[in-house]
Amino acid sequence: MRAALMLGAGLTVAASAFAAPPAVDAGAVAAGGNLFTISCSSSYCHGSGGVGARGPSLQNRDFPLDYVRTTILQGRPGTPMPSFKGTFRPDEIAALVAFVQSLSPGGAAASEEAAPIAAAGPLSQQATLGSDIFFDASRHGYCAGCHSFRGEGGPVGPDLALVSSESAADIFHSIAASLPDEKRFPAIKVTLRGGTTYTGVKRDERPDTVRLYDLSSVPPVLRSFAKVDIAKLEPLAGKPAYRHDLSAYTDADLAALVDYLKSGAANAPAEIKPGELGPRR
Amino acid sequence: MRAGRTLRAAAASILLLATRPAVAQDRAPGDDWPNFFGNTQAWSYSPLDQVDRGNVARLAPVWAFSTGEKGLSATPLVVDGVMYLAAPRDHLFALDAASGRLIWSHAREIPQGQVGASSTGLSMAFGLLFFGTMDNHLIALDAKTGREVWDVEIEDYRLCKCTTSFGTILAKDKVIVGVRGDVAHRGYIDAYDAKTGKRLWRFFTVAGPGDPGNATWSGDQWKFGGGSTWYNGSYDPDLDLVYWGVGNPQPMMFAGNRPGDNLYTDSVVAIDAATGKLRWHFQETPHDSLDYDSAPEPVLIDVDRGGTTQKLLVHANKSGFTYVLDRATGKLIGAWPHADAITWTKGIDKDGRPIDPLQNEPGVEKLVCPSVYGSRAANHSAYSPRTGWWYNTSFEVCAKMRAAPLMPFKEGDFVVGGFLAPERSQTTKPFIAAFDPVTGKREWTHQTEVLNASPLLATAGNLIFGGDPFGLAWALDARTGAQLWSFPTGGGISAAPISYAVGGRQFIAIGSGMSSPPGALVPVLWPELKDRVPPVGSTLFVFALPQPAQGGKP
């Protein structure tokens with residue numbers, strides 16, 4: 001559900017090789033531009049000149065003409081895009097269409113088809129609860145602050161698509177034990193020339209800087225150190241850079257969370273019961 | 001596939017020259033423009049008076065800087081002779097404030113997806129510059145080199161569809177930042193340790209369970225209640241209180257699903273800087289369906305009344321009214337109109353509540369003044385302690401509005417809830433005016449040809465600076481409103497003018513390149529003047545009085 005945030009965002013259109021560029025009526029484009037400014041741009045929807053604001057950008061989208069007209073007339077069900085049928089006269093609709101088309105200078109063809117939005121599998125009720133917990137930024141642990149799953153979340157720790165195929169008990173053990181992924185997310189300790197030390201997950205190293213995620217507060221802080229300021233940089237092998245604190249989560253919360261993390265597997269399981277998870281340690 | 005993009009900043013700092021420009025050793029008050037509004041009280045006032053009413057006509061450009069971007073609403077900082085400028089697409093520059101020579105530039109990878117316009121302001125402390133990015137991170141850069149020092153994600157912008165407030169403020173050792181977005185989301189104000197980037201507190205601007213005022217929401221609507229903190233706040237170091245204007249509730253133009261006052265949307269909040277706890281709140285637009293944000297700046301002024309000094313807060317709402325509060329307690333002192341076209345209410349009662357306010361309704365078209373663009377928006381006011389007057393703008397734009405039937409929505413959805421068609425007020429004209437900030441007495445009115453989208457700057461030289469959508473930077477006489485100087489910059493103006501001094505010479509800087517939603521209305525609402533609206537550029541202009549020729553008279 002979270003992936004399908006705004007229809008249009010996932011819309012792709014292929015240019016047709018043999019379509020002639022549409023004739024441009026400069027007067028209609030100008031009139032449409034004025035209508036656009038006072039209706040489509042306003043309320044901060046499609047932004048000034050269609051650059052996008054709270055609604056998607058309409059620039060260089062190469063929308064098929066019929067798609068634009070249909071969208072204006074019928075709205076996009078399931079999105080905030082309303083129908084403007086009755087709001088504008090037919091000549092005004094035509095002008096708006098001409099203006100939106102003019103935002104894609106390459107022109108658009110009439111025979112293109114919109115590709116369907118990549119569909120994420122539906123979630124069970126318990127997995128939906130797990131998703132809410134995963135993305136709940138008001139919780140101190142806030143999973144998505146570090147981990148991504150199903151395309152959203154942070155890059156501090158592993159993307160949890162990797163764990164979907166594991167057993168519920170193994171997933172829970174990884175969480176409860178804070179098992180580190182030392183190869184891709186190594187824990188390091190940086191000692192600066194002044195003596196200050198920082199520990200965390202190494203992000204990357206460049207010719208003149210080293211960056212690490214400091215996990216001592218929430219949300220994590222990405223710190224950059226100039227190499228000239230670093231006295232010593234050492235690995236912290238075998239030590240997780242972060243310990244998951246499960247005290248704020250009930251057993252039912254954790255079962256829902258694991259259920260959610262298993263939803264990425266091809267054979268998503270039946271509902272997991274709290275008792276199937278194993279000890280919290 | 002999209003994982004990891006958020007923090008894949010690939011921050012590129014190009015250090016051109018690490019040496020600081022030569023500046024005078026003795027820095028006088030007002031030489032720097034050290035934060036968004038020039039001081040923490042949000043005055044937008046410069047105590048410099050070298051440029052005054054007698055000589056402003058000779059003000060001339062001394063340097064300009066093109067950012068290579070589109071639009072420039074930035075408010076630069078100037079500290080120790082170095083200017084820091086935030087251009088669109090999170091493009092930052094450090095410039096020699098006297099010569100315009102580029103010292104360093106910093107660019108971040110631009111995130112994909114739905115994010116708002118760039119922030120327009122920076123703050124600075126401990127040799128670090130603080131900046132809110134388009135992908136909703138707060139970053140700290142080494143002011144000498146432009147190198148990123150720390151970077152913290154405030155909230156995943158892909159989930160909240162939000163970005164940071166236009167500016168950040170400093171409260172002693174804390175960076176305070178708000179959140180911007182018109183979606184189903186619960187707004188907040190955050191504090192971070194300036195030195196380390198650690199989050200210290202988060203104050204939610206929509207009252208949740210256990211917060212005072214939660215009963216003003218029905219069910220779980222508070223989870224999606226809006227309350228973005230769009231612009232920027234102010235700070236009183238003596239009271240250690242952070243003041244911030246809270247934005248509209250969600251859905252924006254339909255209130256049928258949220259009976260009640262919907263606290264703390266459309267309110268001014270006072271937050272204890274040490275703890276992040278609410279000290280007081282004052283709501284200006286209860287149960288709002290007209291987008292009458294309290295987003296504008298809380299201006300903190302001290303006024304002698306009857307032998308005692310009163311600590312006041314003067315605050316403009318987009319609704320056309322200005323509210324004067326006791327800033328220690330939040331008690332209402334008075335409310336008065338700063339706009340002429342106000343049709344949505346019969347007035348403000350003694351408790352500060354609107355009398356018989358108009359509500360947006362599905363299927364019923366109503367003409368509402370001011371429009372959702374506001375009597376004014378992010379174009380902030382100025383206060384001059386020299387005149388004792390508060391200077392503010394009114395667009396005089398109305399809108400035909402109607403609510404739309406509500407569709408089911410979830411966190412992060414855009415739920416505008418209505419339609420509108422803005423139009424010029426039939427009976428009034430846009431203006432800039434000087435007001436007695438306590439009584440609201442209008443001291444002078446300077447009518448503008450079209451709505452003025454620029455913030456204002458007051459100086460001790462008794463001047464008010466700004467610029468119009470046709471590209472003219474101008475100066476008005478702070479005592480009469482008469483225009484004394486202008487310069488065509490070639491791009492519409494929506495940026496805040498600032499003033500600073502280097503080596504004893506006073507400079508005025510203003511960005512050229514229209515990038516404000518109200519400013520974009522001008523060619524549509526004034527079609528007879530549209531040919532005079534220039535294309536959108538992005539150039540900073542800096543002005544000063546001509547220096548005397550060698551051996552010549554000053």
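Predicted model: local features only at pLDDT ≥ 70, side-chain atom pairs only at ≥ 80, totals over all residues.

Trainee: Okay. How many residues of chain A are in contact with chain B?
Mentor: On the chain A side there are 38, and they're in contact with 43 residues of chain B.

Trainee: Which elements of chain A supply the side that touches chain B?
Mentor: Helix 1 (26-38), strand 2 (152-153) and strand 6 (221-226) of chain A each supply at least two residues. Strand 6 of chain A gives the most, with five residues.

Trainee: And what classes of residue are on that side of chain A?
Mentor: It has 18 nonpolar, 16 polar and four charged residues.

Trainee: Back to strand 6 of chain A. Which strand of chain B does it pair with?
Mentor: Strand 11 of chain B, residues 148-153. The two pair in the antiparallel sense over three bridges. If you want one spot to look at, A:R223 has B:W150 as its bridge partner in strand 11 of chain B.

Trainee: What holds paired strands together in general?
Mentor: Strands of a sheet pair through backbone hydrogen bonds, and they can be parallel or antiparallel.

Trainee: So what sheet are those two strands part of, and what's the strand order?
Mentor: They're in an open sheet of nine strands with antiparallel pairing.

Trainee: Which strands stand at the edges?
Mentor: Strand 7 (230-235) of chain A and strand 8 (123-125) of chain B. Each has a single partner strand, so one side of each is left without a neighbour in the sheet.

Trainee: By how much are neighbouring strands turned against each other?
Mentor: By 30° on average in this sheet, with direction ignored.

Trainee: Switching topic. What domains does chain A have?
Mentor: The domain assignment gives domain 1 (26-102), domain 2 (125-178 + 243-276) and domain 3 (187-235). The C-alpha centres of domain 1 and domain 2 of chain A lie 41 Å apart.

Trainee: Now helices. How do helix 2 and helix 3 of chain A pack?
Mentor: Helix 2 (residues 65-74) and helix 3 (residues 90-102) of chain A pack at an angle of about 130°, and their axes are 10 Å apart. Helix 2 and helix 3 of chain A are therefore oblique to each other. Helix 2 of chain A passes helix 3 of chain A in a right-handed crossing.

Trainee: Which residues make that contact?
Mentor: From helix 2 of chain A, they include A:L65, A:V68 and A:I72, and from helix 3 of chain A, A:I93, A:L96 and A:V97 are among them. By class, the contact of these helices has eight nonpolar, one polar and one charged residues.

Trainee: What about helix 4 and helix 6 of chain A, at what angle do they pack?
Mentor: Helix 4 (residues 125-134) and helix 6 (residues 251-261) of chain A pack at about 100°, with their axes 7 Å apart. That makes helix 4 of chain A roughly perpendicular to helix 6 of chain A. The residues of their contact divide into seven nonpolar, three polar and two charged.

Trainee: And helix 5 of chain A, how does it cross helix 6 of chain A?
Mentor: The axes of helix 5 (residues 168-176) and helix 6 of chain A come within 10 Å and cross at roughly 115°. The crossing of helix 5 and helix 6 of chain A is right-handed. A:A168, A:I171 and A:F172 of helix 5 of chain A make the contact with A:L254, A:V258 and A:L261 of helix 6 of chain A. That contact has six nonpolar, no polar and no charged residues.

Conventions. Residues numbered from 1 in each chain as written. Chains lettered and ligands numbered in written order. Contact = placed C-beta atoms within 7 Å. Helix = DSSP H or I, 4+ residues; strand = E, 2+ residues; numbered from the N terminus. Nonpolar A, V, L, I, M, F, W, Y, C, P; charged D, E, K, R; others polar. Pairing = 2+ DSSP bridges. Domains from an automatic or database assignment. Axes fitted to C-alpha atoms, helices over the stretch in contact; angles between N-to-C directions. Parallel < 35°, antiparallel > 145°, perpendicular 65-115°, else oblique. Left-handed = near helix turned anticlockwise from the far one by under 90°.
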